Amino acid sequence: MFPWTIHPKNIDKGCSKPVTLAAPHSEEQLNKIFDRFDSNGDGHLSWEELRSAYNILGMSFPGLRALKALRVADENRDGYISQKEFIKLTRKNPRK
């Protein structure tokens with residue numbers, strides 16, 4: 001047996017508990033977050049606004065993340081994420 005092989009019986013019983021996710025944001029908080037990144041105030045997040053948001057948050061590859069966000073959240077395929085689509089996206093279970 002190799003020393004780097006991990007078996008459940010070898011896990012230290014004193015390990016800390018797994019990290020849990022933070023409580024979901026209220027709709028009011030989500031609206032404030034949306035408004036913060038809706039730089040032109042039109043009620044929609046464009047690719048440029050999403051890219052800027054990811055950049056401000058310090059995420060790597062903000063342009064690619066913005067494209068993926070549009071692909072996932074833009075239900076009506078108009079090229080923008082509306083406030084309704086944004087809130088619906090944030091309510092999705094990320095583990096599904």
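This is a predicted model: local features need pLDDT of at least 70, side-chain atom pairs count only at pLDDT 80 or more; totals for chains, interfaces and linings use all residues.
**Ground rules.** Local features here need pLDDT of at least 70 and side-chain atom pairs count only at pLDDT 80 or more, while totals for chains, interfaces and linings use all residues. Residues are numbered from 1 along each chain as its sequence is written, and side-chain values use heavy atoms, with hydrogens and water left out.

**The whole chain.** I found four helices and two strands, running α-β-α-α-β-α from the N terminus (DSSP runs: H or I of at least four residues for helices, E of at least two for strands). I looked up burial next: 22% of the 96 residues are buried, meaning under 20% relative accessible area with a 1.4 Å probe, protein chains only.

**The record.** UniProt, in an unreviewed entry, places "domain: EF-hand" at residues 25-60 and 61-96; such annotations may be inferred rather than shown by experiment. I checked the span 25-60 and read 58% helix and 6% strand, with its end C-alpha atoms 24 Å apart.

**Asp-38.** Where does Asp-38 sit? I found Asp-38 in the loop between helix 1 (27-37) and strand 1 (44-45).

I then looked at which backbone nitrogens lie by a polar atom of the Asp-38 side chain: that of Gly-43 is 2.8 Å from one, and that of Asp-42 is 3.4 Å from one. Leaving aside neighbours within four places in sequence, I noted contacts (heavy atoms within 4.5 Å) from Asp-38 to Gly-43, His-44, Leu-45 and Glu-49.

Terms used:
A polar contact is a pair of N or O atoms within 3.5 Å; within protein, one must be able to donate a hydrogen and the other to accept it, and residues adjacent in sequence count only if both atoms are side-chain atoms. Buried means under 20% relative accessible area, exposed over 50%, partly exposed in between (1.4 Å probe, protein chains only).
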